[in-house]
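Work through these exercises with the model open. Try each task before reading its solution.

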Amino acid sequence: MKHSPHFRNFISLLLLVCVILALFPSCGDVAKDHARKIGETFSSIEAGSTIETMQLDEPELAEALVAEFLASAKFRDLDREVTDQRQGGAKIGKKISYAVTVLFPDFSGIPYETVLTDYPAIEWGTVTRASYSTELRQAYYDAMIYYMQNLKYPTRAEELIFRFERVDRNWVVTPDTDAVKTICRAFLSDVEGRFQKYRAGGDYLSVVAAERVNKAIAAASDFPVIFSNTHVVKMEGFSNGSYRVTLDTVDYTELFSAVSEDVYKDYREQNPDGVYAPPADAILEAMLKAGMEESEHALTYTQIELDSDSGDPEDIRKLITDVISSQLEVEIDDLSERIRSNMIRESVSEPRTQVVRGTSDPKNGMPFKIYTPNKYDSHYIKINNASTGETFISVYIREGDSITVYLPVGQYRIRYATGSKWYGWDELFGPDGDYLTFKETISIKKDNKYSLTLYQQADSNMTTKSLTQESF
């Protein structure tokens, strides 16, 4: 059966159309594939690449925030927009592009207090403006990330271009990175403005003042032990720009227990007579510092006032030093009085002439009269058994007095102490007294009487040897 030429031409055209349809997918399938590729490409955009040339205070924190900003972005209706643009007939060839709408988080109309109202606790003793700024930024960025992940927020629509190029039967997709960078940087700029308002509400100026005080404390050398134990614990700002600073510093009133015999020992060794008079202020100050260094001590609060112009660390250091110095002066006076009452050996009224230790019985001994002439110091006398060294009897004789004791027959050695100031039975006549012993023994025989006059004379039949106060 033969066909006309027109019929044969129609059949050829029909076959050609079938071949074309077999070689290429439908318009709907292409749209879905391209929409999928756009979504994957947008998801692969790295946050760091969008802000890599920006000057940021905390780039790592900013990158984490932008990453969440991009992750929170949503396409308005990606499949429909791609399909509509293909059906328009303009999306053919090896190079095509799509304009799609992306909804980004929009915080411009939300007060910063809505995102976060709490502020990180301030460690006043170590705070610096840089460290606290980082803490504030971390807290605020964390709050914004939580807000984007868990709460509802307004959005802003942005149009982005995605370019497709056919390479070796595959489509290579390129987003409009300049537009993405502009959007991300505008977001960070808005965040920075909001952060500055948030930081201003976080008592940041007090942090600046605390930093100045801490630097002044660190640089102080007047009282290193005191300053090393002095820290800012509280700052109060006032409308006129001034501040009240509360310092945690050494409580001097608790230091007396530290100024014990152990601390006082060095002073006594270097000043053997010093135990009988209060130390000078410089020595008292050194003793206070030694007490701080060698013992536990309590802390107390001290307050200073800073005006808005108190920015010079030297001025602040002097202000704190003056506070500490004035307190130290009070404590030095108090310590001097305590030392006088507890450690210093002051002279006391001398006792009457008397037998101090031992017994004196006329029935069991020979009379032994001891006499101290006028204008000679009083004496404290020990009469010891020559064989055992034990004290048989001791007596105190005032100037111009005499006393008679009764000694059994035997051999004795005599020691005596004399001086112008009496410090009691433990310290006797103190460091200015004389402590001596007779080199010769005294022999007491039956039916004899004896006398001893205590003063220096050329024809004395006894010689003496000096003793130390401790060995007497």
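**Exercise 1.** Which order do the strands of the open three-stranded sheet have, and what is the pairing?

*Solution.* This is a predicted model, where local features need pLDDT of at least 70, side-chain atom pairs count only at pLDDT 80 or more, and totals for chains, interfaces and linings use all residues. Residues are numbered from 1 along each chain as its sequence is written, and side-chain values use heavy atoms, with hydrogens and water left out.

Step 1. Read off the order: 12-9-16, with mixed pairing. Strands here are DSSP runs (E, at least two residues), and helices are runs of H or I (at least four), both numbered from the N terminus. Two strands pair if DSSP finds at least two bridges between them.

Step 2. Find the edges. Strand 12 (402–407) and strand 16 (450–453) each have a single partner strand, so one side of each lacks a neighbour in the sheet.

Step 3. Check one pair. Strand 9 (residues 366–371) joins strand 12 in the antiparallel sense over six bridges. Y371 has S402 of strand 12 as its bridge partner.

**Exercise 2.** Which residues make the contact between helix 4 and helix 8?

*Solution.* Step 1. Locate the helices: helix 4 spans residues 59–72 and helix 8 spans residues 177–200. Their axes come within 11 Å and cross at roughly 120 degrees. Axes are lines fitted to C-alpha atoms, for helices over the stretch in contact, and angles run from 0 to 180 degrees between N-to-C directions.

Step 1. Classify the angle. Under 35 degrees is roughly parallel, over 145 roughly antiparallel, 65 to 115 roughly perpendicular, and the rest oblique. Helix 4 and helix 8 are therefore oblique to each other.

Step 2. List the contact (heavy atoms within 4.5 Å). Helix 4 gives A62, L65, V66, F69 and L70; helix 8 gives V180, I183, C184, F187, L188 and V191.

**Exercise 3.** How many bridges pair strand 14 with strand 13, and how many with strand 17?

*Solution.* Step 1. Strand 13 (residues 410–419) and strand 14 are antiparallel over four bridges. Y416 is partnered by L436 of strand 14.

Step 1. Strand 14 and strand 17 (residues 464–466) are antiparallel over three bridges. T437 is partnered by K465 of strand 17.

Step 2. Check the cover. Four of the five residues of strand 14 (434–438) are buried, that is, under 20% relative accessible area with a 1.4 Å probe, protein chains only.

Notes:
Buried means under 20% relative accessible area, exposed over 50%, partly exposed in between (1.4 Å probe, protein chains only).
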